[in-house]
Structure formats: structure tokens, C-alpha cells
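Hi,

Here is the model I said I would pass on.

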Amino acid sequence: MNKPKKLNQMAHLLSKGNGYIERSTVLDLGISARYFYDFVEDQSLVRVGQGLYQTQEAWEDELFEISTLNKKVIFSHETALYLNDLMEREPFEITVTATRGYNATHLRKRKIRVFQVDKQLWNLGQTQLSTPLGHLVLSYNRERAMCDLLKNQAETDRQIFQAAFKNYFSGKDKNIPQLMHYAASLGIEEAMRKYAEVLL
């Protein structure tokens, strides 16, 4: 691959990423680190974190940056509700879930709320969703978000709780069998069934 073609590929990645580019993605294309760092310098890109760069003009996407720089966490609880359009406003704090034993000190220092679960439950309901700025991030789907909401009911604002349940059960995108499967896996099947019977 000649240099102009490599530069065009990197410029395409930068455009496709709305001003963000990952070093690992470039290297996966067979482009050397030297070419990548020459491109970073030529474009005056800003280092966001390890292996992630953005143009100086790009809109900052905090959710995308967190997801990209922390591959072992998944957006959950109120953040997942927001990404699934089950919350009308952006949550006051970002919430993620990691496996037990994961060192999340760096996230907690950023005031990110971290839940930790057993490894077999961590992948349950994992999907990719788009941030408001159009970047794909790891998040839980609607059904897992609803289960986490119910499990954490005591620590959730009542208005958020009620609105999410109303939005989910009145929406067309619900998957009740999957919801109940997740609820059973998380030990809240009976509680979820009671809400489903009232709201369906």
C-alpha cells in the first residue's frame, strides 16, 4: 500500500469517526505506527487517551471516549436507559457495569458510578448503541436496562423509574420474553412479572 493510499484511508477513518481515530483500527489495516504518528502530527490531532486521538474541531463525546478507553465496561442503569431512549433527559451521572475484580478506581475518580457483577451476568444484554453524537458504544439493551433499573429501584429517582417503565411497556420495541429471561437470570422474575401484568 503506497503512502497516498494510507493517508486517504486514515483521513477516511477520521471523517467516519466524526473527528476521532483509534490507533488500533489503523494498525489493523496494515498501516505502520510510524505512518499513523506522522498523520497525527500532520493533522495536529489531540491525544484523548491511550490510542485515541481527535481533531481540534471535533465535538467532545464523553460517552464514546469512556467506552473506547475502557473496553471492559458497559454503559448500564440510567446511562443505558438514556441511550435506549427510555429517559427523556441526560442522566446526572454516568453509570457503567464491570465484572467483579475489575479495578475501576480511575473511573470512580471521574465521578463515574461503577456497578460490578459476576462474569456470567456481565455480557447479558450487551449491545452497541449510538451516542447523541453518532458514535457506537457498548451498552446494555432495553431489557437489561429495565432489569437493572428494577434491581436498583431503592436508589433511583421515582420519576425516572416510573417514566422508564411507562416508556418501555408502551413502546413497540419491547421484547417481553427476553425481559423475563433476563429478570430470571438476575433473580427478579417475580417482581418484574408484577410490573408487566399491571402495565401490559
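This is a predicted model: local features need pLDDT of at least 70, side-chain atom pairs count only at pLDDT 80 or more; totals for chains, interfaces and linings use all residues.

Numbering runs from 1 along each chain as its sequence is written, and side-chain values use heavy atoms, with hydrogens and water left out.

Rings of Phe, Tyr and Trp (its six-membered ring) pair if their centres lie within 6.5 Å; planes under 30 degrees apart are stacked, over 60 edge-to-face, the rest tilted. That gives nine aromatic pairs. One of them is Phe-36 with Tyr-53, edge-to-face at 5.5 Å centre to centre and 75 degrees between the planes. Phe-36 is in helix H3 (residues 33-42) and Tyr-53 in strand E3 (residues 52-54), so this pair ties together parts 17 residues apart in sequence. Helices (H or I, at least four residues) and strands (E, at least two) are DSSP runs, numbered from the N terminus.

Phe-36 is buried at 0% relative accessible area, and Tyr-53 is buried at 8%. Buried here means under 20%, exposed over 50%, partly exposed in between (1.4 Å probe, protein chains only).

Tyr-168 and Phe-169 also pair edge-to-face, at 5.1 Å and 90 degrees, and both are buried.

As for the glycine, Gly-49 sits in strand E2 (residues 46-49) and is buried, with a relative accessible area of 10%.

Cheers
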